[in-house]
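Reader: I would like to learn how to read strand pairing and helix packing. Please take me through some cases.

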Amino acid sequence: MRAIRRFTVRPVLPPSLAPLLELATNLRWSWHPATQDLFAAVDGGAWEEAGHDPVKLLGAIAPGRLEELAGDEVFLARLHQTRADLDAYLTGDRWFQQQVAPREADGGVAPRAIAYFSPEFGITSVLPQYSGGLGILAGDHLKTASDLGVPLVGVGLLYRHGYFRQSLSREGWQQETYPVLDPDGLPITPLREADGSHARVALEVPGDHPLIARIWVAQVGRVPLLLLDSDVEENPEALREVTDRLYGGSVEHRLRQELLLGIGGVRALRAWSRITGADAPEVFHTNEGHAGFLGLERIRELSVAEDGPRLSFAEAVEVSRAGTVFTTHTPVPAGIDRFPRDLVEQYFGPTSPVAGVPVADVLALGAEDYDGGDPGVFNMAVMGFRLAQRANGVSQLHGEVSRGMFSGLWSAFDEAEVPITSITNGVHAPTWVAREVFELGARAGADVDSDDDEVWSVVDQIPANDLWATKRVLRQRLVEDARVRVRKAWQQRGAAASELGWTDQVLDPDVLTIGFARRAASYKRLTLMLHDPERLKRLLLHPERPVQLVIAGKAHPADDGGKKLIQDVVRLADDPAIRHRIVFLPNYDIAMAQPLYPGCDVWLNNPLRPYEACGTSGMKAALNGGLNLSILDGWWDEWYDGDNGWAIPSADSVSDVDERDRLEAESFYDLVENEVAPRFYDVADGVPIRWIEMVRHTLKSLGPKVISTRMVREYTERLYVPAATAERAINSSYDGARDLAAFKARVRAGWDQVRIDHLDTAGVSETPEVGGALDLTAYVSLGDLAPGDVRVELVHGRVKGEDAILEPAVLPLELVETYEGGRHRFATRLVLDRPGPFGYTVRILPAHPALASAAELGLVASA
């Protein structure tokens, strides 16, 4: 008989054990081994049974055991020491307080608070509010901000079912289940008003009832994460279902989710500041376009709210843009949210959640009004760029791809000048690095809590035998975990226990182990390794240098193509001849990943280049002494150096997809057979010395780069501080916003009169030489614009091919004289300092101190 309702009853702890609940509801425990060990000491068996979930653990402990612990002086001393350590972590000065905040005293800017919006957050497996890399990155961003003391507050949705749990049918087809999550059983707490009621937000939506959502708080170390939950009784059923599951439902359902995330998220932040006294955010960071509607709520606050400054729409846009950062993670157009224009128009019509903001202005923000755009859609990424003054991709190569994808928004500029920078992702080492690896470093004298780059050099002090023995321990743990998962998966597929004895022999802790785990999207090519099954089998079963493969990944529930890829892998792994050497592990999540990355010797990534935005799983493997074997895509393209792993040659120039797959699969087989496996098994005195040297080099060359402390510092210095600076400058009395909006309107209205009339050059002989000078004069017409409204530039550099300027340099021209009719003379001198083919051009750009980029308006007049 099924229950019609379920809820979780939280335990009442003896007063002396009360700190346990506080430790359980601060998610720092998920990356703090000492706190995990404390919970294990409560009851080791129950800790394992609870899946390392402290809230579930405390709900399962018998009253007698609690009484016993309450009288155990040794345990109580340990509890209070752990609680004191958390206090010190939460209140002590960290990098931000030591390095960034003091700038305020010298007239600099340190953001008082930064709001970080994401549709998913992967923090721990016991809070399953994530599907893949986007969420894991968001979780690592919050954890790292906490470690560094960056004043971040996260904003997301609380999904009643989270993402799906994956299992397999007897035939190897992915099956999805959606277990109900009870908020009272999760490590979160309600945000409460002064009267004790649960804090809420409300949005007007079409229909006769607003969308209401409760606010929950997950405490991620020092960082609060606000989660909105629409499963409240006042909502009609369709609105209760808005936060039912991650990335599910109809197009309209998805639109409602993103309205709640963006607009509701800003309102949740206002409630958080009002209730707790926390600083209101100065910077708003949207992690992908899903939260882009947050900009509309900020515009509403500034332009039509009764208690706001009542700016014009254009002025409010400038205020909102100044403090907004937009990160795009998408390397393929199909990954961008695009809603039917008429559906968006319906939601921002008479019952708009941002009442008073003109629907035409809303629609214009997401319009694909550029060559090749679709006038019938509303593009969330396009709105993200238009409402953020600063934007970035997540690796250098992805930055290039993004500048190409979105170049239509700045069509007058070369792709290299499109104002999308890049900050390469990183991973949170305390979450993903096995404690045995940290212990190795500590024994060698390293301060493993330090984020100083020099700490990585300690790897040279660790004996090769110790490194190799540690990897063997980690491989053994992965093997044991995989055997349990394979056995459970087969039982779910209908196998009897009596026919599963073979699972005890799955994998071998002394065999070269290659890992591959990612979403089963077509471009990630889950089955490239299966291109030649017979050759793969020979690699797996090699008598002297065998290889074993551990594979995992989920396909989107609606992606039958991805499910077919999984089925192909499962069917091969079912082959009795090789099933001890290749496994597919269902339900890839954080709990699986934590033994998987450390246990692999090699991490495989073989996407279609350049469609991997970053690919952080390989970073996690590298931090655990794993070597990457990857197509030069994502982060590997910029940090592979020839000695920290292997690059699979990419057949980019081959247009036939099948032929490209064949060539790249053959390269994979050749590398494993001729380079990877021989080096792994080249053992002298029990240790593969050349392999260990590659491991040492990997840790030293990649360690300082792939950690998320480097990433969050870059976000802080390159985006958050400049955004806060711009936000304060434009917000001081809103005069800055009014001035910038008026400037943009004036420039757009008058730009068709801007042109370069004539260029004069002098000083260059018929045979130019290094050290010579080019004197350039430009006569320009500006119409009604003033010389101070523009910048006239000489763009120069080496030329190649059809006169393309390579690595262009820019030299401004100075105003020399003004004539009647809006005509002006500008001039400059350029010293020729390098030999070879040389070229130049002249252009005019809008100029204003509040512009973050010369390309911001998308306007240029060229010679």
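**Strands and helices**

Author: I844 stands opposite A861 in β28. The model is predicted, so local features need pLDDT of at least 70 and side-chain atom pairs pLDDT 80 or more, while totals for chains, interfaces and linings use all residues. Residues are numbered from 1 along each chain as its sequence is written, and side-chain values use heavy atoms, without hydrogens and water.

Reader: Which strands pair over two bridges in the antiparallel sense?

Author: Strands of a sheet pair through backbone hydrogen bonds, either parallel or antiparallel. Here β27 (residues 838-846) and β28 pair over two bridges; pairing requires at least two bridges found by DSSP. Strands are DSSP runs of E, at least two residues, and helices runs of H or I, at least four, numbered from the N terminus.

Reader: What is the order of the open sheet that contains β27 and β28?

Author: The order is β24-β23-β27-β28, with antiparallel pairing. Its edge strands, β24 (804-812) and β28 (861-862), each pair on one side only.

Reader: At what angle do helices α19 and α22 pack?

Author: Axes are lines fitted to C-alpha atoms, for helices over the stretch in contact, and angles run from 0 to 180 degrees between N-to-C directions. Helix α19 (residues 464-492) and helix α22 (residues 590-599) pack at about 140 degrees, with axes 7 Å apart. The two are therefore oblique to each other, a class left after under 35 degrees (roughly parallel), over 145 (roughly antiparallel) and 65 to 115 (roughly perpendicular). The contact (heavy atoms within 4.5 Å) includes K471 and L474 of α19 and A591 and M592 of α22.
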